[in-house]
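Biologist: I am new to this model. Please take me closely through one part of it, starting from a single side chain, and then show me what else is worth a look.

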Amino acid sequence: MYGVLFAKRVVLLSETRILNLLQDRQTVMQGKNKIMQYAFKASRILGVFVSIGAVLAMPSWALSPDPMALKAHGIHVSTLDNGLTVVVKPDSKAPTAVHMLWVKVGSMDEVDGYTGIAHILEHMMFKGTPSVPAGEFSKKVAALGGRENAFTDKDFTGYFQQIPSSKLESVMKLEADRFANNSWPDEEFVKELEVVKEERRMRTDDAPRSKLYEQLEATHWLANPYRRPIIGWMEDLNSMTPKDARDFYHAWYAPNNAVLVVVGDVDVKQVQDLAKTYYGHLPQKVLPVRKPRSEPPQHGVRRVSLKAPAEQAYVLLSWRVPGFTGFDQQQHNKEALALTVLSAVLDGYEGARLDRALTQGAKSVAQEANSYYDFAGRGPQIFILEAVPKAGVGLSLLEERLKAQIQKIAKEGVSESELKRVKAQYVAQAVYKRDSFFNQAQEMGAFWARGLPLDTNDLLMGPLQEVSSKEVQAVAAKYFSDDTLSAAYLLPEPLDPKTQKRQEQAKRMAGVGK
Amino acid sequence: MNAQQNTGLNFFKFSIPMGFLALAFFAQEAWSALPIEREKLQGGLEVYWVNVQSLPMVDIQIDFDAGARRDPVNKAGLASVVSLMLNKGVTSQGKNPALDENALGQAWADLGAVFTASAGDDRMSICIRSLSQASVLNEAMALAYRQIAAPAFSASIWSREKTRLLSDLKESLTQPAPVAARAFKQAVMQSHPYGRSMSEDSIQRIDARDLKAFHSSFLSACGAKISLVGALNREQVLKIANGLAQQLKPSPRCADSSALEASHGPAHNDTLSASGFEAVKPLEKAQRIHIAFNSAQSHVLIGQPGIERADARYFPLTVGNYILGGGGFVSRLTEQVREKRGLSYSVYSYFTPALQAGPFTIGLQTRGDQTEQAIKVVQDVLQEFVSEGPTQEELQAAKDNLIGGFALRIDSNKKLLDNVANMAWYHLPLDYLQTWSAQVQKVSVKDIHQAFKGLIDPHKLATVVVGVKP
């Protein structure tokens, strides 16, 4: 339950595994502890030009997120008097709906000493209101035939229910109640904090690559709050109090800091009316000041290493790069598109450049090699290369080989067939995405939190087609010097059960025994 | 009703019933329009499909009776390796030149289509997702046929992949979850093939000839199923299915198709089933396996052999397990282990019904020094559930969720395909989805109580702990 979206990548438990009883009990992080591949790579679902007509008909640049344009993409946006944004995307292909409430507050809004509080609060939101006692929220949703969960990210926190669309009003009433009236006794907090610590142990403390990623972020950012783990440092969790969670809730959970997203077999007007009924009376709040906490420039490589029980070594390289902030002609936005294409050319399909150059042939150096680019966020963006070396290959050699792939593009550009391929993938993937109400709602919520138009997916079609080899070459040349690199090495150490190092540490950190 | 048939998922478009009774009724009336169709082709390949026109895309799953249970005893992992290597090159065929792994990857990417292959215990599954546009889909299928029928199984590529696989395997053994899963499987399934896991030795023994032998024995039309969901009419479906059937060579196993049919039916209890697999034996006594491990948490798995998919107790156990440990945040296990005591982030139970009886599993992870406490809580919850069964109130809550939420099981093409492929694989009746809610509705407290009592013996559980030394 209540998974932390580490870097936005979520995998729900396989639906068929558990007797076809679907459950979102837990979000499971997979080996690559990162990064939803926003445009191209998510499970390598790709595509071709079905909607080529639509692409050509669409003006590609300088689109403003005006309501008429949104409507053309089936998205209806309105705002209640108290500032709550309401997004509805009707789709009658099945008699279900997903109801999501997103709050624009995540781990990046935390301050030192309080890491993990956004995520703890997300857990506590299931612990009751004066009219719905602890445990009842989930029971009521279950009784409606629904499935539910929540997630916390650096940029946002989200709550959702999937339901037969006839039950929309019932879940909206429940969600609005806890959004406005969340309250619980201290004992509930004490218990749930232990659950969160177990979550941290599972996701991070016993998962060396996750831990390395945590250290990489803490190394990469000095001032920016992206340096902190979403789940929080264990010592911060140990000292967290019920009041901390309540204060965070009262400060940030306001209608003018939230968006309601509904996708499914619903009537737009009816959803808007319901939103007004259940959320409309909530008072606006003056939100805490968000300090910019901008990252000072980096002038030189930063390195971190982690020794942990593992068989395979592992390297993560991350560079500071621009993120996408909107559909205008500003250079950083064009560069963000070029970086998206760069990542896909490196690693967007089986046998793309990283695979070929690093994992194949007599001179191969890696077991696997990948690239990630997040595209957009409330904070600054990074571009990541990661790899697992072949036995006997040192991490510094692997690092050089990874960098050489970027340098090659910086020197030679990319081929037209590669460009065509990765652009085609984006177009087809846009069709596949529409198979799931849940994914559509999730994308729109994230776009909202990051200040992008809700129909960003549709709007991107044109501009992405226009990215040239020269532009890809230019970003490869511009952003990948060692001066803005942070590198993290995982150094395997033997798995010695006798040391029981992690257990002892876990106990000590939990304040149990010695 | 007729009007609902012509446009695929429009069958969904009805006024929404209030409450599960109405839904059960509705299931009979309106959902009978759920247009799942079936056809058996010459050579044994069976086709199941649903025409869904709401999006210009197609999802296809092809299942072969070529899962891990077919691995030779000393070559565990072979089925997985074969599925992996299906993606690593094809031989030349007629005027089509050979394609290496990179050419295949590029071809799929250029089409915007996706090909994946994987092996479970029983079946090897090949999944294809493509746009439905004929020019794209035809090429995608032509490519898929070649990968299924004429994989290159290059010795040098396998040698490289073997190194990679061995390294990944060793890496996984440094993590508590996979170590626990392997030990648990073996403890519960004992000598049955479901209990085996690949090992360094078993992978080392596999060479390219083994891949070819496995492929020619088991990737055949007999016993195979192809399931399709998407914008395809009958004619298009049959063209795709026949195209596949033509590519599949006759296998020696096809000669005795009755044996194959039998292998899909219930296995005999005390002898080899007709498919040649031993029956899954119940555990004779409680067993505790502890593997000392340097991890912050202990990973705990507790269980016994469960049921095969054809078991008559499938629905009582499905509904019962929802109450025990399947139902999200409202199960007994979650209530006692997580909500009341804060012992674990995740605690769950599930059955693994398959052609034969897969395990019944309860799992959790907890800080090392809390391990015994957590195990005790699980044992108490299970003991009470088995000896007393659920309450009427719990049963009602389970039905409300399962029946009320039925539409959520099939509200995307991908989910619908999962269900259709299961129906195909397990020979479920064509009205399986229409009658699903009624089957759940029929389950009584007594049914659940008897099913659990008859199956689960809390005094003969296998318990695996990977973590702190007790």
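**A lysine and its surroundings**

Modeller: Start with A:Lys127, which touches A:Ala134, A:Trp184, A:Glu188 and A:Glu192, leaving aside residues up to four places away in sequence. Here, contact is C-beta atoms, placed from the backbone, within 7 Å. The model is predicted: local features need pLDDT of at least 70, side-chain atom pairs count only at pLDDT 80 or more, and totals for chains, interfaces and linings use all residues. Residues are numbered from 1 along each chain as its sequence is written, while chains are lettered from A and ligands numbered from 1 in the order in which they are written.

Where does A:Lys127 sit? Its place is the loop between α3 (117-124) and α4 (136-143) of chain A. Helices (H or I, at least four residues) and strands (E, at least two) are DSSP runs, numbered from the N terminus. A:Lys127 has 23 C-beta neighbours inside 10 Å, so it counts as buried. The scale is simple: 20 or more other C-beta atoms within 10 Å is buried, 12 or fewer is exposed, and in between is partly exposed. A:Phe137 lies 10 residues from A:Lys127 along the chain, and 7.9 Å separate their C-alpha atoms.

Now move to strand β5 (residues 85-90) of chain A. Of its 6 residues, 5 are buried. β5(A) runs antiparallel to β4 (residues 76-79) of chain A, joined to it by 4 bridges. Strands pair when DSSP finds at least two bridges between them. One such link has A:Thr79 with A:Thr85 of β5(A) as its bridge partner. The β4(A) and β5(A) hairpin has 5 residues between the strands, and there A:Gly83 takes a positive phi near 100°. β5(A) also runs parallel to β9 (residues 258-264) of chain A, with 6 bridges. A:Pro90 has A:Gly264, in β9(A), as its bridge partner.

Last, chain B. The domain assignment gives domain 1 (34-257) and domain 2 (287-467) of chain B. Such bounds come from an automatic or database assignment. The domain centres, taken over C-alpha atoms, are 29 Å apart. The contact takes 29 residues from domain 1 of chain B and 32 from domain 2 of chain B. On the domain 1 side, the elements giving two or more residues include β1 (36-40) and β8 (225-230) of chain B. α7(B) gives the most to that side, with 9 residues.

Notes. Contact = placed C-beta atoms within 7 Å.
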